[in-house]
Amino acid sequence: MSRNFIFLGPPGSGKGTQAKVLAERLGIPHISLGDILRAEVKQNSAIGQRAKEFMNAGKLVPDELTIELTEKRISQPDCRPGFIIDGFPRSTAQADALDKMFKDKKLALEAVIYFHVSEEETVKRLLLRAEIEGRADDNASAIRTRFEVYEKSTRPLIEHYKKMGKLKEIDAARTIEEIGRDLAKL
Ligand code: AMP
């Protein structure tokens with residue numbers, strides 16, 4: 001049976017870092033929608049050209065784009081043993097589309113790992129990352145928009161997955177090592 005996970009949490013919660021570690025340990029792909037979109041922007045593809053403005057402003061790129069990219073990615077042969085999706089779904093429409101993909105492909109969702117952390121802590125981390133990585137959307141205005149988008153569009157998904165009985169909450173205010181140890185118990 002394949003092992004499929006979703007990592008959910010606010011920007012700067014550390015879910016990307018942990019998704020990478022767990023994916024490597026389980027030998028399954030780490031699918032970061034943000035990384036996929038940044039690669040499209042870098043290639044200046046048609047998708048990248050459409051997505052760029054939304055990303056730089058900290059807004060969600062249109063659902064139909066991310067849904068299509070996700071469907072394509074999880075259909076690749078390397079996803080057969082399982083996968084970790086990080087940064088998708090981020091809206092109810094995306095979550096409904098993903099539920100349908102799982103149903104159509106007869107996949108089982110093992111767990112949604114929710115990274116719980118205060119906004120104050122994540123803003124600190126994002127500003128630090130801005131200095132280190134220089135991401136175009138790690139400036140104060142885009143960070144604020146990303147939090148607003150998270151609160152309005154993504155936070156409701158916690159309830160969606162709780163109702164499905166899939167939500168597992170992680171205290172993400174701790175160190176990378178401590179969180180990693182929790183995830184290793186999965
Ligand atoms: P991330 O690297 O996950 O923080 O994503 C960076 C940016 O990519 C986000 O601020 C959005 O503009 C865009 N993005 C990533 N994932 C999604 C998604 N599931 N839906 C819409 N936009 C997304």
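User: Which helix gives the most to the shell around the ligand?

Analyst: First, some ground rules: this is a predicted model, where local features need pLDDT of at least 70, side-chain atom pairs count only at pLDDT 80 or more, and totals for chains, interfaces and linings use all residues. Residues are numbered from 1 along each chain as its sequence is written, and side-chain values use heavy atoms, with hydrogens and water left out. Helices (H or I, at least four residues) and strands (E, at least two) are DSSP runs, numbered from the N terminus. Here helix H2 (residues 33–43) gives the most to the shell, with four residues.

User: Which residues come nearest to the ligand?

Analyst: A residue is near a molecule if one of its heavy atoms lies within 4 Å of it. There are 16 residues around this ligand, and Arg38, Lys59, Gly87, Arg90 and Gln94 come nearest. By class, the shell has six nonpolar, four polar and six charged residues. In that count, Ala, Val, Leu, Ile, Met, Phe, Trp, Tyr, Cys and Pro are nonpolar, Asp, Glu, Lys and Arg are charged, and the others, Gly among them, are polar.

User: Where does the ligand sit?

Analyst: The general idea is that rolling a probe the size of a water molecule over the atoms shows where empty space is left. On a 1 Å grid over the protein atoms alone, a cavity is a set of points where a 1.4 Å probe fits but cannot get out, a pocket is an open set with protein on both sides within 12 Å along at least five of seven lines, and lining residues have an atom within 4 Å of a point. A molecule sits in one if more than half of its atoms lie within 2 Å of its grid points. This ligand sits in the largest pocket.

User: What volume does the largest pocket have, and how many residues line it?

Analyst: Its volume is about 1100 Å³; a volume is the space filled by probe spheres set on the points, which are joined across faces, edges and corners. The lining counts 46 residues, with Gly12, Lys15, Arg129, Arg135 and Arg146 nearest the centre.

User: Which residues line the second largest pocket?

Analyst: Arg38, Val41, Lys52, Met55, Asn56, Arg135, Ala136 and Asp137 line that pocket, whose volume is about 160 Å³. Helix H3 (46–57) gives the largest share, three residues.

User: And what lines the largest cavity?

Analyst: Ile47, Leu65, Glu68, Leu69 and Lys72 do, around about 30 Å³ of space. Helix H4 (residues 63–74) gives the most to this lining, with four residues.
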